[in-house]
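Below is a short report on a predicted model. It covers the sheet, the aromatic pairs and the nonpolar cores.

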Amino acid sequence: MRKTPLLESHLRHLKLPSFLENYRRVADEQRDPVMYLDTLLHLEMDRRSANGVRQRIANAHFPSIKTFDGFDFRQQPKLPKVKVLSLLDSMFVREKRNIVFYGPPGVGKTHCLLAIGHAACMNGYRTLFTTAAELLTMLIEAKENGSLTKRLRALERYHLLLIDELGYVPFERQATDLLFQLISRRYEASSVVITTNLAFEQWGQIFPDPMAARAIIDRLIHHGAIFEFSGESYRLRQRSGAKKDNGELARS
Ligand code: ADP
Ligand code: MG
């Protein structure tokens with residue numbers, strides 16, 4: 001095969017690594033010039049899409065990777081399995097809708113949050129995972145050093161914001177205002193998914209007044225779906241199961 005002296009340096013310059021790796025091999029297999037170009041372009045596009053997914057997953061800061069393959073829906077008989085699994089198509093992100101996962105500790109809320117976040121990354125959506133406490137600390141710091149607008153704008157770049165564990169830490173007035181600003185900016189513009197251990201009637205307990213709680217809830221659930229989890233903590237159940245197994249082992 002003929003090689004022009006600058007071909008490889010042009011391919012490097014144009015950042016076409018798959019062309020560079022494959023242009024000789026594909027030339028042996030594909031004689032039709034249009035098909036040749038088509039094959040190389042496909043290889044380049046596949047690589048870019050895989051890199052994009054990897055990058056989005058890295059940028060999302062997931063504490064761990066979870067999928068629904070590892071989720072036992074039999075433990076959550078009241079959870080609408082088909083509806084939950086349909087969240088994997090990320091249509092709710094495209095439609096800028098929100099989701100709330102509500103229930104006691106240890107029942108798989110964070111697991112589901114991570115699974116739909118992972119799927120969103122695969123589907124091309126910029127995603128960020130954070131806990132409510134981390135998010136508020138970050139916003140308060142930004143307000144104090146005059147970079148709040150910049151911070152809020154940076155958060156707007158994400159198609160999907162995952163906020164874990166709302167309800168464990170009470171919100172002071174300033175934090176409530178910041179959360180309200182954030183939720184208002186995202187309202188009908190991009191999606192939020194939150195997990196919480198509190199029923200909406202109890203949100204008054206963590207916000208300084210019921211009006212503030214109501215204003216945040218209204219914006220969250222206007223175009224939103226709520227999924228209620230129930231039952232015993234999976235963690236505790238596994239631990240007591242392990243203890244029982246050990247006990248049985250010790251006796252045998
Ligand atoms: P929550 O956020 O509701 O407190 P997590 O999602 O953190 O609970 O779940 C606690 C642990 O138990 C995690 O490791 C999670 O993967 C696991 N887990 C919870 N529910 C299930 C389930 N139904 N099937 C498989 N693993 C589960
Ligand atoms: Mg959790």
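## Strands E3 and E4

Strand E3 covers residues 160-166 and strand E4 covers residues 191-196. The two run parallel and are joined by five bridges. Within this pairing, Ile163 has Ile194 of E4 as its bridge partner. Helix H9, residues 173-186, packs on the sheet and touches both E3 and E4. The direction of H9 makes about 145° with that of E3.

## The whole sheet

E3 and E4 belong to an open sheet of five strands. The order is E2-E3-E4-E1-E5, and the pairing is parallel. Strand E2 (127-131) and strand E5 (224-228) stand at the edges. Each has a single partner strand, so one side of each is left without a neighbour in the sheet. From one strand to the next, the twist averages 15°.

## Strand E1 and its partners

Strand E1 spans residues 98-102. E1 runs parallel to E5, and five bridges join the two. Here Asn98 stands opposite Gly224 of E5. E1 also runs parallel to E4, with four bridges between them. Tyr102 has Thr196 of E4 as its bridge partner.

How much of E1 is covered? Mostly covered is the answer: four of its five residues are buried.

Thr130 is found in strand E2. Is Thr130 buried or exposed? Its relative accessibility is 6%. Residues under 20% count as buried, so Thr130 is buried. Leaving aside residues up to four places away in sequence, Thr130 touches Leu135, Leu161, Leu162, Ile163 and Asp164.

## Aromatic pairs

The structure holds eight aromatic pairs. One of them joins Phe101 and Phe227. This pair is tilted, with 5.8 Å centre to centre and 50° between the planes. Phe101 lies in E1 and Phe227 in E5, so the pair ties together parts that are 126 residues apart in sequence. Both Phe101 and Phe227 are buried.

Trp203 and Phe207 form another tilted pair. Their centres are 5.9 Å apart, with 40° between the planes. Trp203 and Phe207 are both buried. Together with Phe171 and Phe200, they form one aromatic cluster.

## The largest nonpolar core

How many residues make up the largest nonpolar core? It has 31, and Leu135, Phe171, Leu179 and Trp203 touch the most other members. Several elements give two or more residues to this core: helix H7 (132-144), helix H8 (148-156), E3, H9, E4 and helix H10 (210-221). The largest share comes from H7, with six residues.

## A second core

A separate second core has 27 residues. Phe92, Phe101, Ile116 and Ala120 are among them. Phe101 is also the residue of E1 that pairs with Phe227 of E5.

How values were computed. Residues numbered from 1 in each chain as written. Chains lettered and ligands numbered in written order. Predicted model: local features only at pLDDT ≥ 70, side-chain atom pairs only at ≥ 80, totals over all residues. Heavy atoms only, no water. Pairing = 2+ DSSP bridges. Axes fitted to C-alpha atoms, helices over the stretch in contact; angles between N-to-C directions. Contact = heavy atoms within 4.5 Å. Phe/Tyr/Trp six-rings, centres within 6.5 Å; stacked < 30°, edge-to-face > 60°. Buried < 20%, exposed > 50% of the residue type's maximum accessible area, 1.4 Å probe, protein only. Core = buried A, V, L, I, M, F, W, Y, C linked by side-chain atoms within 4.5 Å.
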